[in-house]
Amino acid sequence: MQLRFLPFLALAAVACSTGPSEHAPQLDRTQSAIINGARDTTHPAVVALVLGEGAPDGTCSGTIVKTDPARHIGWVATAAHCVEHGVFRVVQAEDFAASDGIYYSVLDYEADPRWATTGRSDFAVVRIGGVDASTPVIPLATAPDGLTIGTKVTSIGYGVTGESSGNTKRNAIEKPIAELTSELVGYDQATGGVCFGDSGGPVIAGSGASARVVAIHSFVEGGCDVRGFSARVTSNLPFLDAQLAKAPTPSCEQCRKIASSGAGACAAIRTACLEDDDCRKYEDCVAEGKKDEAACAAEYPLAQGPSVAAASCACGGPCAELCAGAPACADVGRCGARIDEAAECASCVESACCEEQKDCTADGRCHLCLERDDTFPSCEKNAPRAKLAACATDKCAAACAGAQIATLGKTAPAPASEAPPAAVESDDGGCSTAPGTRGTSWLGFVALGALAFVRRRTARPHRA
């Protein structure tokens, strides 16, 4: 018998002969096609999970099952095997590669310990930041769940839709339950079912306000077109209920994550950073953990400003109290990057030119101009830099007399040996139009971006 593991929004594995087993043996991976699903537009609480480095396929599915709008925390139910390599981010969207997604930071997560020791109870809960009162929810089922053989349920996920498919869209299929145990919900998949990329996604009974998550996609047996199984929620409600009652301890890091994602106060500026090609690559570099932040910044110098802008928004705004004195905010000013000028000048600029300073920090080239004393010829042509200099000259003339921040273009060019990297300057000398600065779409958003997921998905080797 061939067992096939479905980690890409899909599933884990269990051995059986004529019915679903209560135990799961060693897992294996291969690829099969998903069949006959339809685009899902009615379950926005079903989300995509961007997994950590080393995950076989890069993403899983999940469901927002609870929110606390006052604390801006949400709880996502998914499969335990989905979090084995960590979870980097959660995306709420019909198409997780489209530009209209809502992106949530991961605060923490926990898998059911029985999964690691027995291969049973394939459950995990991921806590996310940035939710509000409008965030959609589909609650977990309670006991009894009312399931019987023949009950029609809806399975949802972002799984592949055919051989070598690069699907990033949310799809659904309605199936009658064919097999049922205390721990598993099973269905015949000859005419359609879940596959790679659907792991952790929900099996939903009911509709509208009565909809409940009754099971979580776990594994297929014999291939995606043979039999599929999901972990029945009522089989371990004590674990799930305990996770839903738990919230992360408030901290500076948690506050910054919440502020910078979902509906958070700084989400827009974080999104702008991730939409910028260099900033995204810098974020990816740091997330991969192979280089320290300084090395990543040296490789992507234009990312420093946008990244600092996103950090300063939280540190100097909604998280100012929690982050007072925190190392993560030590070099972040109230209005963006700290100004390397005399205290009187820096204080005046932060007070009188805060918006101009924020805009300069958020612009990678403007920030770099400040960092390197305007030694690039293109600095004079950078609009945010010119506006900051004009404001400093107009409103802080006495405090910043002779200061670099107010004397744009009056410093000597750097020697040839100190010239900026080629990638920093544009062909036409304009700070804001250099090649390679902007990505072409939100496909680059995720730390191990959607295109990388597609490549991994299509290149996955077959295994026996």
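Reader: Among contacts between residues at least 6 apart in sequence, what share joins residues at least 24 apart?
Author: That share is 70% for this chain, where contact means heavy atoms within 4.5 Å. Please keep in mind that this is a predicted model, where local features need pLDDT of at least 70, side-chain atom pairs count only at pLDDT 80 or more, and totals for chains, interfaces and linings use all residues. Residues are numbered from 1 along each chain as its sequence is written, and side-chain values use heavy atoms, with hydrogens and water left out.

Reader: Thanks! How many helices and strands are there in the chain?
Author: The chain has twelve helices and 17 strands. Both are DSSP runs numbered from the N terminus, with helices being H or I of at least four residues and strands E of at least two.

Reader: And what percentage of the residues is buried?
Author: Buried residues are 56% of the 464 in the chain. Buried means under 20% relative accessible area, exposed over 50%, and partly exposed in between, using a 1.4 Å probe and protein chains only.

Reader: Which strands make up the barrel?
Author: Six strands close into it, in the order β3-β4-β5-β8-β7-β6, with antiparallel pairing. Two strands pair if DSSP finds at least two bridges between them. On average, neighbouring strands of this sheet are turned by 40 degrees against each other, direction ignored.

Reader: How many bridges link β4 and β5?
Author: Five bridges join β4 (residues 59-68) to β5 (residues 73-78), in the antiparallel sense. Thr-63 stands opposite Ala-77 of β5.

Reader: Which helix lies across β5, β7 and β8?
Author: That is α3, residues 252-259, which runs at about 140 degrees to β7. Axes are lines fitted to C-alpha atoms, for helices over the stretch in contact, and angles run from 0 to 180 degrees between N-to-C directions.

Reader: Switching topic: is Pro-202 buried or exposed?
Author: Pro-202 is buried, at a relative accessible area of 0%. Pro-202 belongs to strand β13 (residues 202-205).

Reader: What is Pro-202 in contact with, leaving aside neighbours within four places in sequence?
Author: Its partners include Val-46, Thr-63, Ile-156 and Val-213.

Reader: Now the helix pairs. At what angle do α4 and α5 pack?
Author: Helix α4 (residues 267-275) and helix α5 (residues 277-288) pack at about 95 degrees, with axes 5 Å apart. They are therefore roughly perpendicular; angles under 35 degrees count as roughly parallel, over 145 as roughly antiparallel, 65 to 115 as roughly perpendicular and the rest as oblique.

Reader: Which residues of α4 meet α5?
Author: Arg-270, Cys-273, Leu-274 and Glu-275 do, facing Asp-277, Cys-279, Arg-280 and Glu-283 in α5.

Reader: How about α10 and α11, what is their angle?
Author: Helix α10 (residues 364-371) packs on helix α11 (residues 383-395) at about 50 degrees, with axes 8 Å apart. That makes the pair oblique.

Reader: Where does Asp-374 lie, and is Asp-374 buried or exposed?
Author: Asp-374 is in the loop between α10 and α11, and counts as buried at 5% relative accessibility. Asp-373 lies in the loop between α10 and α11 too, but Asp-373 is partly exposed at 42%.

Reader: Last one: which peptide bond is cis?
Author: The bond from Ala-143 to Pro-144 is cis, with omega near -5 degrees. Pro-144 sits in the loop between β8 and β9.
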